[in-house]
Amino acid sequence: MVARFLSFLGTNQYFLGFSSLCGAIGFVLTIIVTAKTSKISKILRHNEITSQYNKERISFQNTFEGHRKSIIVDGLQSKQLLTDILKNVEAYRAKFSEILSWREKIRLAMFIKQLKKEPNQADYNLICNYLASISGRLSKKGDMKNG
């Protein structure tokens, strides 16, 4: 009796069509759930980095403002100063690159290029402008994503 019923299900076109439809719907739902899970993971990572940014932004802002004042007020123009600024900018970029916009990333790349020049070839006015720009960015708290 069970064997006859299973044989009937294997040959019934309506049942086979319904089974195929359920399989296709299940496959589509699997893809949707996988995409949603990936999006949630990205949002959680963004919020984690934003939280870290909000904790450390004042420290970075004070550092960059201190470097800017060293150039403007004290008139420092040394290789050591450029190296210290470069080290801080690279640390900032490494920690927060995932939450920076493309515009900010390009600006940081141009700033790093300026910092790698020899002290007598570097444009210290431009360096001060970049430092002021980064400090301005750091004055704003990062926003968390909700979904």
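This section describes aromatic pairing, helix packing and the setting of selected residues in a predicted model.

The structure contains 7 aromatic pairs. In one of them, Tyr 53 and Phe 96 adopt an edge-to-face arrangement, with a centre-to-centre distance of 5.3 Å and 90 degrees between the ring planes. This pair connects distant parts of the chain, since Tyr 53 belongs to helix H2 (residues 13–72) and Phe 96 to helix H3 (residues 79–96), at a separation of 43 residues. Tyr 53 and Phe 96 are both buried. An edge-to-face pair is also formed by Phe 60 and Tyr 92, whose ring centres lie 5.7 Å apart and whose planes make an angle of 65 degrees. Phe 60 is located in helix H2 and Tyr 92 in helix H3, and the pair therefore ties together parts of the chain that are 32 residues apart in sequence. Burial applies to both Phe 60 and Tyr 92. Through ring pairs, Tyr 53, Phe 60, Phe 64, Tyr 92 and Phe 96 are joined into a cluster.

An aromatic ring also takes part in a contact with a charged group. The charged end of Lys 105 is positioned over the ring of Trp 102, at 4.9 Å from the ring centre.

The packing of helices was considered next. The axes of H3 and helix H4 (residues 102–115) approach to within 10 Å and cross at roughly 155 degrees. Because angles over 145 degrees count as roughly antiparallel, H3 is assigned a roughly antiparallel orientation relative to H4. The H3–H4 crossing is left-handed. On the H3 side, the contact is made by Leu 82, Ile 85, Leu 86, Val 89, Glu 90, Tyr 92 and Arg 93. H4 contributes Leu 108, Phe 111, Ile 112 and Leu 115 to this contact. Tyr 92 thus takes part in the contact with H4 as well as in the aromatic pair with Phe 60.

Helix H4 also packs against helix H5 (residues 124–138), at an angle of about 145 degrees and with the axes 10 Å apart. The crossing of H4 and H5 is left-handed. Residues of H4 in this contact are Glu 104, Arg 107, Leu 108, Met 110, Phe 111, Gln 114 and Leu 115. From H5, the contact involves Leu 126, Ile 127, Asn 129, Tyr 130, Leu 131, Ser 133, Ile 134 and Arg 137.

Ser 70 lies in helix H2 and, with a relative accessibility of 16%, counts as buried. When residues up to four places away in sequence are not counted, Ser 70 touches Gly 75 and Leu 76. Ser 38 is likewise situated in helix H2, but its relative accessibility of 37% places Ser 38 among the partly exposed residues. Between Ser 38 and Leu 76, the C-alpha to C-alpha distance is 48 Å, for a sequence separation of 38 residues.

In helix H3, Thr 83 is partly exposed, at 39% relative accessibility. Thr 83 and Leu 115 are separated by 32 residues in sequence, and their C-alpha atoms are 7.4 Å apart in space.

Note on methods: Residues are numbered from 1 along each chain as its sequence is written. This is a predicted model: local features need pLDDT of at least 70, side-chain atom pairs count only at pLDDT 80 or more; totals for chains, interfaces and linings use all residues. Side-chain values use heavy atoms; hydrogens and water are left out. Rings of Phe, Tyr and Trp (its six-membered ring) pair if their centres lie within 6.5 Å; planes under 30 degrees apart count as stacked, over 60 as edge-to-face and the rest as tilted. Helices (H or I, at least four residues) and strands (E, at least two) are DSSP runs, numbered from the N terminus. Buried means under 20% relative accessible area, exposed over 50%, partly exposed in between (1.4 Å probe, protein chains only). A charge sits over a ring if NZ of Lys or CZ of Arg is within 6 Å of the ring centre and within 35 degrees of the ring normal. Axes are lines fitted to C-alpha atoms, for helices over the stretch in contact, and angles run from 0 to 180 degrees between N-to-C directions. Angles under 35 degrees count as roughly parallel, over 145 as roughly antiparallel, 65 to 115 as roughly perpendicular and the rest as oblique. A crossing is left-handed if the near helix is turned anticlockwise from the far one by less than a right angle, and right-handed if clockwise. Contact means heavy atoms within 4.5 Å.
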